[in-house]
Amino acid sequence: MNAEPAQTTELNLPQAFLLLATNDTTGKPEVPVYALRTTLAGAILAELDLIGAVELQGKHVVATDTSPATSLQRELDIIRGKSRPHSPKRWVSMLEGRAEVQRVYEGLESLGIVEQVGEKHLGAFRTVRYPEKDHAPEAALRKRIEAALSGPHSDLELPDTTVPIDASVTGTPQSGTPVAAAGPGAPDARTIVLIALLQAAGLLGKLFPAADLTKADELAKDYWPARAVEDELRMIRLAEQEAATL
């Protein structure tokens, strides 16, 4: 896997996604709140998958036997503590919420990347925003993503690493984890996964309007956390449409 720039090594996928999904000046989300929360939950799963803490076995997310250091230990413990496994979409719905978003913003604030700004209403805080304080980490993320999107489509891939999990027991294939594409200058796995998450949230085209998003569409469909985000967002939108017709 390619070495990551020093500016972004401290950012996990939830932090990177939230930073890109937040307006630099206003500190407000660039997507609807439900899309922000849902995709952040997918980013949590993607980060845990990327570091080898969880994996997809058949249709279920399971914790592995490894114990990598992670700032998402709370979320990993929740997955480990469940008596039965759940699907990726179910985990997205269970992990999405205001509290998760708040925790990630607070992590970015502790790193000095964003600052908390409260709007007062009748003397009490009503709305909290997180405008950018240090643009360097986001600039580095954007540079990596732009380089990946402008490169050959063959470099921007989630390789087909599907292999059987002890087929004698389950007979069910396991979806692979993305790995860095081969070749000099090829995007690393973390950048590829971030692109898939941004596309699933409907944010990639807004952030990078000149990019060819054809390959990004394929990424979002092929990578299981991004696919879970898309499925959950589709259900939320359908529920809203049905509610509007009542």
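1. Lys89, at 30% relative accessibility, counts as partly exposed, where buried means under 20% relative accessible area, exposed means over 50% and partly exposed lies in between (1.4 Å probe, protein chains only). Lys89 forms a salt bridge with Glu232, and the closest N and O atoms of the pair are 3.2 Å apart; a salt bridge here is a side-chain nitrogen of Lys or Arg within 4 Å of a carboxyl oxygen of Asp or Glu. Because Glu232 lies in helix 10 and Lys89 in helix 4 (residues 88-95), the pair ties together parts that are 143 residues apart in sequence. Helices (H or I, at least four residues) and strands (E, at least two) are DSSP runs, numbered from the N terminus.

2. The basis of these values should be kept in mind: this is a predicted model, in which local features need pLDDT of at least 70 and side-chain atom pairs count only at pLDDT 80 or more, while totals for chains, interfaces and linings use all residues. Residues are numbered from 1 along each chain as its sequence is written, and side-chain values use heavy atoms, with hydrogens and water left out.

3. Glu232 itself is buried, with a relative accessible area of 8%. Not counting residues up to four places away in sequence, Glu232 touches Thr38, Lys89, Val92, Ser93 and Glu96, contact meaning heavy atoms within 4.5 Å.

4. Lys215 is buried, at a relative accessible area of 15%, whereas Glu218 is partly exposed at 36%. Elsewhere, salt bridges that share partners join Arg74, Glu75, Glu100 and Arg103 into one network.

5. The second largest pocket holds about 160 Å³ of space, and its lining includes Arg74, Glu75, Glu100 and Arg103. On a 1 Å grid over the protein atoms alone, a pocket is an open set of points where a 1.4 Å probe fits, with protein on both sides within 12 Å along at least five of seven lines, and lining residues have an atom within 4 Å of a point. Grid points are joined across faces, edges and corners, and a volume is the space filled by probe spheres set on the points. Helix 5 gives the largest share of this lining, four residues.

6. Of its 15 lining residues, Pro29, Arg98, Val101, Tyr105 and Val128 are the closest to the centre. Helix 2 (33-50), helix 5 (98-110) and strand 4 (124-129) each supply at least two residues of the lining.

7. Gly27, in the loop between helix 1 and helix 2, is buried at a relative accessible area of 3%. Its C-alpha atom is separated by 8.5 Å from that of Gln116, 89 residues apart along the chain.
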